[in-house]
Amino acid sequence: MEHCATKVRCAGCRLRSVSGAFTHLDGRRRGHPGRSPGGGCEGAIVWAPCEEEPSAECGTLAVPIDWSKPNGPAIDLALARRKATDSAARIGSLVINPGGPGGSGVEAAYGAPGFFTEELQRHFDIVGFDPRGVGRSHPVICSASVYNQMPYAVMTSQADFDKWIAYAKRLRRDCRARTGPLYDHVDSVDVARDLDAIRAALGEEKLTYYGISYGTLIGQMYAELFPHRIRALALDSNMDHSLGVKAFLDTEAATVEDAFDEFVAWCDSESACALHGQDVRAVWERLLAKARSGELYYPGVTDRPMTEVQVLWQGVLGTEGPAWQLLSEMLRALDGGPLPEWVPPLPGRQPVTGEVAQLPTAILCEDYNLRVRNYREYAALLRSSGRLAPDMRLNPMPIEDLPVCLGHPTTNPQHRLRYTGSTPLLLGNSLHDPSTPYLWSANVARRLGPKAVLLTYEGWGHRIYGKDECSTVPIDNYLMSLTVPPHGFRCPVGGRAEAKVKRQPEVWPTDPLPWGGSLATPPFSRPSTARTSG
């Protein structure tokens with residue numbers, strides 16, 4: 001789909017018209033973005049009203065598929081922008097990313113008025129982009145016929161493991177054939193280089209950025225690569241790119257169990273809970289057992305029973321907001337009670353219709369080496385998760401993705417961050433985040449060094465911006481005036497700040513993508529008829 005009438009290839013500062021003719025913007029080549037300070041094509045993006053959202057502007061920017069070959073084949077990145085509401089007070093461009101991998105920054109820009117405070121919108125053009133391999137930016141695609149043969153995510157034998165190894169290889173071969181050479185170049189280092197090209201094309205000397213969840217990994221890689229081109233970097237609910245496969249799965253299991261414990265405690269104390277007065281853990285165990293026996297069906301889905309993993313997804317999605325009220329109503333409904341007013345879509349990876357399926361998991365596979373040698377090692381990982389999460393057993397997000405990544409080349413493997421810049425960085429996380437553990441943000445802040453400040457929200461859910469006044473205003477102040485809270489700053493639930501903000505409504509995420517496609521995209525989304533809860 002075209003989103004504007006012109007495209008720009010920043011590598012050569014060339015403008016392409018709808019007719020396909022090329023001309024140099026100024027008759028000479030400039031420094032390539034990411035290779036020389038301030039290089040790129042300042043102001044080169046040509047904006048036009050978005051077809052899908054005319055109140056926003058859209059454009060495209062061409063970047064090389066392989067950054068080691070800057071003049072080689074290119075792809076177009078899709079961008080969307082909402083201009084600052086007060087041109088006299090404008091500071092510059094705020095580039096945003098909602099996470100995923102797979103979340104759409106274009107959609108995030110569309111929904112920015114319902115997410116960011118009015119004060120922040122006064123001062124910044126809010127610019128979102130679909131990262132390479134995602135959405136409108138040449139997505140990673142696979143044949144639906146191959147994708148739909150995907151085995152059940154949880155393996156129970158060496159035969160299952162062998163089946164997954166063979167399938168993952170076949171899927172990867174098919175996806176690469178469908179996607180083309182870009183398939184090998186979608187890791188977060190590549191995206192960070194794209195981000196610097198966007199900065200240059202926007203005419204910004206330095207980058208101002210806000211990323212959520214997997215979008216924080218893009219920001220972390222940017223901080224490593226371009227430490228002196230940062231004006232402000234706000235990273236909300238961080239990925240930890242230093243963890244091996246066991247630590248990764250263990251921390252994910254522990255954090256989703258903690259979030260589930262918080263939900264159970266709320267149900268025990270609040271009469272509003274649809275399961276108040278019942279043994280919530282017993283209801284939960286009953287549903288898991290029924291799913292294992294193939295006797296549990298999701299409301300409105302009659303062609304196949306729910307899997308145990310899809311039950312576990314309820315525990316993740318219902319605590320991300322958190323949407324505890326809706327979660328209690330969904331568990332009651334699955335246990336034979338009445339349906340809630342709004343039933344979310346069935347979660348988890350499922351068969352697709354049409355000819356192709358998108359697979360943003362390839363991005364995760366290139367960023368994280370999730371090597372597992374055999375079923376014995378895999379089973380030990382599951383047992384470890386089960387010890388840490390007696391109710392949840394495991395976190396379904398990484399467990400659904402891990403088999404896809406078996407045998408996959410990792411181009412940006414885990415490593416300890418190294419930040420050499422002088423610009424203060426702001427990180428944030430809630431204590432009871434079911435998806436990106438608080439420990440991850442604490443680790444990242446420590447590894448980034450003394451210039452990184454961690455804002456701790458003493459509450460629940462994934463993402464802290466919009467949760468409370470004192471978890472939002474410090475981020476606004478940092479992005480606008482570059483002031484950071486003191487080290488060790490903690491925001492209590494209901495905490496106040498020097499300016500009032502509108503609390504964001506909590507939603508039950510409906511996008512099945514992991515780590516931010518499901519976690520962060522809904523808060524940015526345009527209004528829908530979906531009921532909010534929590």
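Which residues do ring pairs link into a cluster? In this predicted model, the cluster joined by ring pairs consists of Phe260, Phe263, Trp266, Trp284, Trp324 and Trp460. The surroundings of these residues are described below, after an outline of the chain as a whole.

The protein chain contains 16 helices and 15 strands, and buried residues account for 61% of its 534 residues. Of the contacts between residues at least 6 apart in sequence, 77% join residues that are at least 24 apart. The accessible surface amounts to about 19900 Å², and carbon and sulfur atoms contribute 52% of this area.

The count of aromatic pairs in the model comes to 16. One of them is formed by Phe115 and Phe116, whose rings are arranged edge-to-face, with 4.9 Å from centre to centre and 85° between the planes; both of these residues are buried. Another pair, that of Phe260 with Trp284, is tilted, with a centre-to-centre distance of 4.8 Å and an angle of 45° between the planes. Because Phe260 belongs to helix H7 and Trp284 to helix H8 (residues 280-292), this pair ties together parts of the chain that are 24 residues apart in sequence. Phe260 and Trp284 are each buried.

Helix H7 also packs against another helix. Two packed helices are described by the angle between their axes and the distance between the axes. For helix H7 (residues 245-269) and helix H10 (residues 324-334), the axes come within 11 Å and cross at roughly 85°, which means that H7 is roughly perpendicular to H10. On the side of H7 the contact involves Glu262, Phe263, Trp266 and Cys267, and on the side of H10 it involves Trp324, Gln325, Leu327, Ser328 and Leu331. Sorted by class, this contact comprises six nonpolar, two polar and one charged residues. Phe263, Trp266 and Trp324, which take part in the contact between the two helices, are also among the members of the ring cluster.

H5 contributes Ser188, Val189, Val191, Ala192, Arg193, Leu195, Asp196 and Arg199 to the contact, while H6 contributes Tyr214, Leu217, Ile218, Met221, Tyr222 and Leu225. By class, 10 nonpolar, one polar and three charged residues make up the contact of H5 with H6.

Both H6 and H7 are among the elements against which the buried residues of H14 pack, together with strands E13 (425-432), E14 (452-460) and E15 (490-491). Helix H14 (residues 438-448) is largely enclosed by the rest of the structure, because nine of its 11 residues are buried. The buried residues of H14 include Tyr438, Trp440, Asn443 and Arg447. Just after this helix, Gly449 adopts a positive phi of about 100°.

Finally, a loop residue brings together separate stretches of the chain. Ala84 is located in the loop between strand E6 (74-82) and strand E7 (92-97), and Ala84 counts as buried because its relative accessible area is 14%, under the 20% cut-off. Although Ala84 and Asp125 are 41 residues apart in sequence, their C-alpha atoms are 4.5 Å apart in space. Apart from its neighbours within four places in sequence, Ala84 is in contact with Arg90, Gln121, Arg122, His123, Phe124 and Asp125.

Notes. Residues are numbered from 1 along each chain as its sequence is written. This is a predicted model: local features need pLDDT of at least 70, side-chain atom pairs count only at pLDDT 80 or more; totals for chains, interfaces and linings use all residues. Side-chain values use heavy atoms; hydrogens and water are left out. Helices (H or I, at least four residues) and strands (E, at least two) are DSSP runs, numbered from the N terminus. Buried means under 20% relative accessible area, exposed over 50%, partly exposed in between (1.4 Å probe, protein chains only). Contact means heavy atoms within 4.5 Å. Accessible areas come from the Shrake-Rupley method with a 1.4 Å probe; for residues, only the protein chains shown count as cover. Axes are lines fitted to C-alpha atoms, for helices over the stretch in contact, and angles run from 0 to 180 degrees between N-to-C directions. Angles under 35 degrees count as roughly parallel, over 145 as roughly antiparallel, 65 to 115 as roughly perpendicular and the rest as oblique. Ala, Val, Leu, Ile, Met, Phe, Trp, Tyr, Cys and Pro count as nonpolar, Asp, Glu, Lys and Arg as charged, and the others, Gly among them, as polar. Rings of Phe, Tyr and Trp (its six-membered ring) pair if their centres lie within 6.5 Å; planes under 30 degrees apart count as stacked, over 60 as edge-to-face and the rest as tilted.
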